[in-house]
Amino acid sequence: MNRRFGTIVLGTAFRFLVPFIMVYGMYVLMHGEYSPGGGFQAGALFGIAVVLDRLVQGEEAMLSISGTKAVILAGIGTFIYGFIGVLTVLLNGNFLEYGVFPLDMIEGERHALGILGIEIGVTICVMATIIAIFDALTRREEW
Amino acid sequence: MTRFISFFGLGLMTLMLFITTSGLPVLFDPESPAALHVSPRYIEKSHEETGSPNFVTAVLADYRGYDTLGETTVIFTAGLATVLLLRAARKDSDRIPGGKEE
């Protein structure tokens, strides 16, 4: 969406909405260990925040991430997940066995940290995929 | 002929699916194998084995970590394929009207 879509009402409403969406996404990501939520949901929230920004503000969007960058970012997110698995193998554990991280914590906390790591990877992947698809769809009006 | 074979194959497959459906355990049956062995293990042991207070997270990220890795890869691949297809469509339509190439 390259033209600015928002009127003054939309612009103001969106300024109030987007920070809360992003804070809520962060909460869903960090609290996914204890409550419903997790990487996929948090990624959808972050993706929606960026898409809203692009819809309302057009080319002058603050959170503008181009389609090519978004695809690279999605790859990085998937890589983080796989890399944590490979890291646990290099530390003489099984693939994705989070207990082997050499940290001064109890077993459960190491597991929680590992789970948070892969959830961050999932979040980045889902967010970037949503942005990439949105970008590819809306760029079509440049034909 | 090819069409006949594919229709025949599809019909056979549908028939087999319908037949095997009767062999599945009844929905919400507490005596089904999954409810007898898998669920109690997750409910009883997941906290001490994974340290996660949430079954869903324990199953998603710990017991079935491979599965979630696959899901993430599927999302990435699907997004990549969508972007590539849409970009290819755009390039094609650029070429047709003016014949000018950048």
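The contact between the two chains draws 33 residues from chain A and 23 residues from chain B, two residues being in contact if their C-beta atoms, placed from the backbone, lie within 7 Å. On the side of chain B that touches chain A, at least two residues each come from helix H3 (55-63) and helix H4 (65-98), helices being DSSP runs of H or I with at least four residues and strands runs of E with at least two, numbered from the N terminus. The most is given by H4(B), with 14 residues. By class, this side of chain B comprises 9 nonpolar, 11 polar and 3 charged residues; Ala, Val, Leu, Ile, Met, Phe, Trp, Tyr, Cys and Pro count as nonpolar, Asp, Glu, Lys and Arg as charged, and the others, Gly among them, as polar.

The model is predicted, with local features requiring pLDDT of at least 70 and side-chain atom pairs pLDDT 80 or more, while totals for chains, interfaces and linings use all residues. Residues are numbered from 1 along each chain as its sequence is written, and chains are lettered from A in the order in which they are written.

Chain A contains 4 helices and 0 strands, and its C-alpha atoms fill a box of roughly 55 × 30 × 20 Å along the principal axes. Of its 143 residues, 39% count as buried, that is, with 20 or more other C-beta atoms within 10 Å, against 12 or fewer for exposed residues and partly exposed in between. Among contacts in chain A with a separation of 6 or more, 66% join residues 24 or more positions apart.

Ile76(A) belongs to helix H3 (residues 67-90) of chain A and is partly exposed because 15 other C-beta atoms lie within 10 Å.
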